[in-house]
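Subject: Structure for you to look at

Hello,

Here is the structure I promised to pass on. Please open it alongside this email.

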Amino acid sequence: MEIINDLLLFLPATIVAIGGLTVMMLDGYKARSRTIYTTTMVFLGIALGVASWDLLMQAPELIFSDMAGAGGTAAFGTFIVVFGTFFTVILTHDYLIGVKHNFPQVYPLLMFCTFGMIVLATANDLVTVFVGLETMSVCLYALAGIIRDKRLGVESALKYFVMGAFSTGFFLYGITLLYGATGSTSLPEIGAYTDGGLIYWGGVSLLLVAFMFKVSAVPFHMWTPDVYTGSPTTITAYMSTAGKTASFVALVLILDRAMPFIATELTATFSIIALLTMILGNAVAMVQDNVKRMLAYSSIAHVGYLFVGLAAGSVAGYSAVLFYLLAYTFMNVGAFGVVAYYEKNHDVHFNNVESYAGLGYQRPIMGVLLSIFLFSLAGIPISAGFNAKYLVFSAGIEAGLVSLVVVGVLASAASAYYYLRVMVYLYFREGKESVSLIEPKKVYSFSLVFLALLTLYFGVVPGGVTEMIYGYFSDSMLTATAP
Amino acid sequence: METFFFVFVATFALGTALAMVLSKNTVNSALFLILHMLSVSGFYLSLNAQFLAVIQILVYAGAIMVLFLFVIMVLNMDEDEQIVTKVDFKQIFAVLVTVIVLAQLLYIVGNFTGALPDFSQQELMAIGTVEAIGDEMFTTFLLPFEATAILLTAAVVGAMLLAQKNVNVEDEIE
Amino acid sequence: MIGLELYLGVSAVLFVIGVLGVLIRKNAIVVFMCVELMLSAVNISLVAFSASMGDVHGMILVFFVLCVAAAEACVGLAIVIAIYRNNITADISKINLLRW
């Protein structure tokens, strides 16, 4: 049976979807929240195992009548998404208990959201992209408003919803015009179309604008800081890592499969977007006193670096983007995890950088972990963040975008200021009053330590992974331009 | 006859859409949107998309708009809203952006030169039927279709999470 | 036979009316309705392309758009209810959307 075969190749998503439905039913039968959490983790653990197996063993293949892909970039995207979700759920459970909003509905929603992300990251057809993107977004709108009895929480949900729904309209218009111009929604078939024409370009630009909305590239970033600040901290980690990964993988696939012939034309546009995003993200992050808001702007800045890879428009650039997403998932989930730990010991507004004064000595391990993650985010050597930036920028140089890369390196150097500032407060400032931090749960600190180890590991030996990613694009139409 | 039908439906659709955006009362807006959805299904009929025309009325007018009206009633939101209180910068900017977008879209559409294949009326009629759509839906588009099932479930769970009244959280003490 | 351009033109104008509504209206529910208007305007284009090409895929995409619109309306209205519970208004101009 073909469908059984397809389902087997699509197993991580299937497991996550069945897991979500199971957890939903458990909630319906009033299971204890511990049971719900454990079931979620079991399903996600199995999905993570299958995703890792797929990542290492599965050859690229198209499934479900070419609607989606398995293996290759699809397996890579699936792995990052499931990995990010696995750790997000561990952190979220602890955090939501801490802030007393541990609703049982959160877990099925996280699973459904992950399903949407996997569909988005594996899509090979604009219809699948659309449905996956919307499944992800609808879940994220709801998740942003978990802390619904606080003004900040529901406000951020509303903002996210209005902006997201608005951009959906443009996304759909883009698909429509592309469909009208090329007569198909399948990515390779759109890619085979070379006539150009106004309606084609209209479709391309609307589609890209909508994607920039979703990944929060300047000038379409205005929802990001508020939404990231207002959402529960671990959900912010989820949005900025798994969500962004899924969107970026889909964007890379669209660029690689559906628009290989116009990659050079898009370079100028992407360069301008990358320039604006890097400069604005870093500049505004410097003046933020709220750590969460600072991390929100830093995530905008990271989108800027990712766009340098897209602007390169080469296989090197696209694989650098994929590696960057992996590294960013490790370090950003970790950084938000520590911030969430500090926050849940106090109230939701315990995010001002000044209130971090002296905390580094209270629970030394958490201080060290946060420092590792922030070092990596700043792109300091021997961290995954450094290698990721190095790959993206070298792809930019190869493509001849020297001035853009120079700005990127300068912006990245400037970004060290606001990351190090947090560490200065952690270690070199006296805390005003004694804040006592309760001991973190073992599983919480273990997962953060694991993420930190991965961050360091990929800082030292990125080789194997980058070669693996490179291989995904071997049948790409851009291969000719690769070194 | 066909031209007359098109002009009538188009006028109706544009009129109701404008009325929806510009009417001060929320309930009126919702009712105009229902009328608008009816006229959109008129477009579908004239394009031989019978199935979608029915679905449009069932889903939009029958389900989505009822939900909207229900929420408006529950929240007792029928007070009037001044649309243009004072001419502020943001609104001028909004109108400007809109005009630019409109001009661009019309320019793109106006330059449409896709050579369209010729179809007999018979073939065209066969596209929009339930069979044609269902056939493709459950073979080629199986994955998005199943994903839609998850999407709708997720929307219900999400709505429950946000809108349920009793905060009943089990606090765990270990 | 009415030309394809006319359908596309009407659809573009309706889409832009929706965009205008999202930008100038303050009531959150009306803003949601304007988003629905945008989606249904695009649907007209899709069906027109689909019918003119004799290809059923566009009509299937319309079906998915209807599902997405329903799901979005569901979650969006739940958010509005949550906002009302907190005694915040549905006036989105009071909720700063564009802030540094």
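Below is what was found, chain by chain and then contact by contact.

Please keep in mind that this is a predicted model.

**Chain A**

Chain A has 20 helices and two strands. Its radius of gyration is 21 Å, close to the 23 Å that the globule rule gives for 483 residues, so chain A is as compact as a globular protein of that length. Along the principal axes, the C-alpha atoms of chain A fill a box of roughly 70 × 55 × 40 Å. Of the 483 residues in chain A, 67% are buried. Take the contacts in chain A between residues at least 6 apart in sequence: 79% of them join residues at least 24 apart.

Have a look at A:F307. It sits in helix α13 (residues 291–312) of chain A.

**Backbone points to check in chain A**

- A:P219 is joined to A:V218 by a cis peptide bond, with omega about 5°. A:P219 lies in the loop between α9 (198–215) and α10 (224–230) of chain A.
- A:K100 is not a glycine, yet has a positive phi of about 60°. Its loop runs between α4 (72–98) and α5 (106–122) of chain A. A:K100 has 12 other C-beta atoms within 10 Å and is exposed.
- A:I382 is another residue other than glycine with a positive phi, near 60°. A:I382 lies in the loop between α16 (364–378) and α17 (384–398) of chain A. With 13 other C-beta atoms within 10 Å, A:I382 is partly exposed.

**Chain B**

Chain B comes to seven helices and zero strands. Of the 174 residues in chain B, 33% are buried. For contacts in chain B with a separation of 6 or more, residues 24 or more positions apart account for 58%.

**Chain C and its annotation**

An unreviewed UniProt entry annotates residues 6–24, 31–53 and 59–84 of chain C as "transmembrane region". In the model, residues 6–24 of chain C are 100% helix and 0% strand, and the end C-alpha atoms of that span lie 27 Å apart. Residues 31–53 of chain C are also 100% helix and 0% strand. Their end C-alpha atoms lie 34 Å apart.

**Where chain C meets chain B**

Here 60 residues of chain C are in contact with 70 residues of chain B. On the chain C side, the elements that give two or more residues are α1 (4–24), α2 (28–53) and α3 (57–85). Which of them gives the most? α3(C) does, with 21 residues. By class, this side of chain C has 50 nonpolar, six polar and four charged residues.

**Where chain A meets chain C**

This contact takes 31 residues from chain A and 35 residues from chain C. On the chain A side, α6 (126–144) and α7 (151–182) are the elements that give two or more residues. α7(A) gives the most, with 16 residues. The chain A side divides into 18 nonpolar, six polar and seven charged residues.

**The α7(A) and α3(C) pair**

Now look at how these two helices pack. The axes of α7(A) and α3(C) come within 10 Å and cross at roughly 170°. An angle over 145 degrees counts as roughly antiparallel, so that is how α7(A) and α3(C) run. From α7(A), the contact is made by A:V154, A:A157, A:L158, A:F161, A:A165, A:L172 and A:Y179. From α3(C), it is made by C:G58, C:V65, C:E72, C:V75, C:G76, C:I79, C:A82 and C:I83. By class, the contact of α7(A) with α3(C) has 12 nonpolar, two polar and one charged residues.

Best wishes

Methods: Residues numbered from 1 in each chain as written. Chains lettered and ligands numbered in written order. Predicted model: local features only at pLDDT ≥ 70, side-chain atom pairs only at ≥ 80, totals over all residues. Contact = placed C-beta atoms within 7 Å. Helix = DSSP H or I, 4+ residues; strand = E, 2+ residues; numbered from the N terminus. Nonpolar A, V, L, I, M, F, W, Y, C, P; charged D, E, K, R; others polar. Rg over C-alpha atoms; globule rule 2.2 N^0.38 Å. Buried ≥ 20, exposed ≤ 12 C-beta atoms within 10 Å, placed from the backbone. UniProt positions renumbered as here; feature names shortened; annotations may be inferred. Axes fitted to C-alpha atoms, helices over the stretch in contact; angles between N-to-C directions. Parallel < 35°, antiparallel > 145°, perpendicular 65-115°, else oblique.
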